[in-house]
Amino acid sequence: MKAVVCEELGSVVLREVPDPVAGPGQVVVRVEAAGVNYVDGLIVRGSYQLRPPLPFTPGSEVAGTLDDGTRVLAFCMFGGFAEQVVIQRDQAVRVPDRIDSARAAGFVQSYCTAAYALRRRARMEPGERVLVLGAGGGVGLAAIQLAKAYGGQVLAAASTPEKRKLAAQAGADETIGYEELKRAARDFGVDITVDPIGGELSEQALRGMREGGRLLVIGFAGGAIPSLPANQVLLRNRSVVGVDWGAWAVTHAGENRALLEELLLLDGLDPVAPEIRPLAGAGQAMDDLIGRRITGKLVLVPSS
């Protein structure tokens, strides 16, 4: 089969490799689409806390079929950028007929991260107001839809008109550019900020939240890890809350599966159609994602 392989940090190549063989308790997924995430690019660059031994195949989420034709999606951690991947049987979750494989491939990481952040870490209640940074990206779009599904109001912040338009289509009540972030957050009355961006935007969002506001630290797509002023946390009893869904999912596999199955049945969730690229374009896809040149989700599809 064909697989994307990282043989040295910073680059990937498409190789012919042996077909995988399932062991006890495992199944082979014939990959129809593999989601590309920011973390995949960081791992290939050696810039993430997880550093698998070389060579390895990146790709943490896939959608495809089992030998009996069952359509499934899975969070596989590694190995997804390939025509086939072996996973534990209990990692495979049936895909509803209403979701095609391309959308399903980008579902797990974005929606589970957003749900884990909003419900388990922020303890979001109906009626609360949510600011979403990076609202034109995968986690941002998922956070918009979930915040609305959980009964909230959403202020979506994104860097370009195209990304703000997509955020509005996902259900955001208002959209803004980053140049007006702090003022707009204050005017909107933000209770929770979903922050996958970091950098100077984190402090602006923190300063703009109302009493009891919770800043959810999800990632640093903006490139810089912020140093937040402690007085702004103390003032108005705000909180800064870490969100590491990936680590939680690995150590709480049963709970994560239940979360994913719940999300797949939740009314109102409509994953955006992703940009589709071939496996051979994996390197450029990860570079474009890290360079924030992607609007929405991005998936790789093996050649027929």
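Arg123 is exposed, at a relative accessible area of 57%, where exposed means over 50%, buried under 20% and partly exposed in between (1.4 Å probe, protein chains only). The structure is a predicted model, in which local features need pLDDT of at least 70 and side-chain atom pairs count only at pLDDT 80 or more, while totals for chains, interfaces and linings use all residues. Residues are numbered from 1 along each chain as its sequence is written, and side-chain values use heavy atoms, with hydrogens and water left out.

Arg123 sits in the loop between helix H3 (108-121) and strand E8 (129-132); helices (H or I, at least four residues) and strands (E, at least two) are DSSP runs, numbered from the N terminus. Its phi is near 55°, a positive value in a residue other than glycine. Asn237 also has a phi near 55°, again positive in a non-glycine residue. Asn237 belongs to the loop between helix H8 (230-234) and strand E13 (239-242), and it is exposed, with a relative accessible area of 58%.

Most residues other than glycine have a negative phi, and most peptide bonds are trans. The bond joining Leu54 and Pro55 is a cis peptide bond, with omega about -10°. Pro55 is placed in the loop between helix H1 (38-45) and E4.

Strand E4 itself covers residues 61-65 and includes Thr65. With 16% relative accessibility, Thr65 counts as buried. What does Thr65 contact, leaving aside its neighbours within four places in sequence? The partners are Val28, Val29, Arg30, Glu32, Thr70 and Arg71, contact meaning heavy atoms within 4.5 Å.
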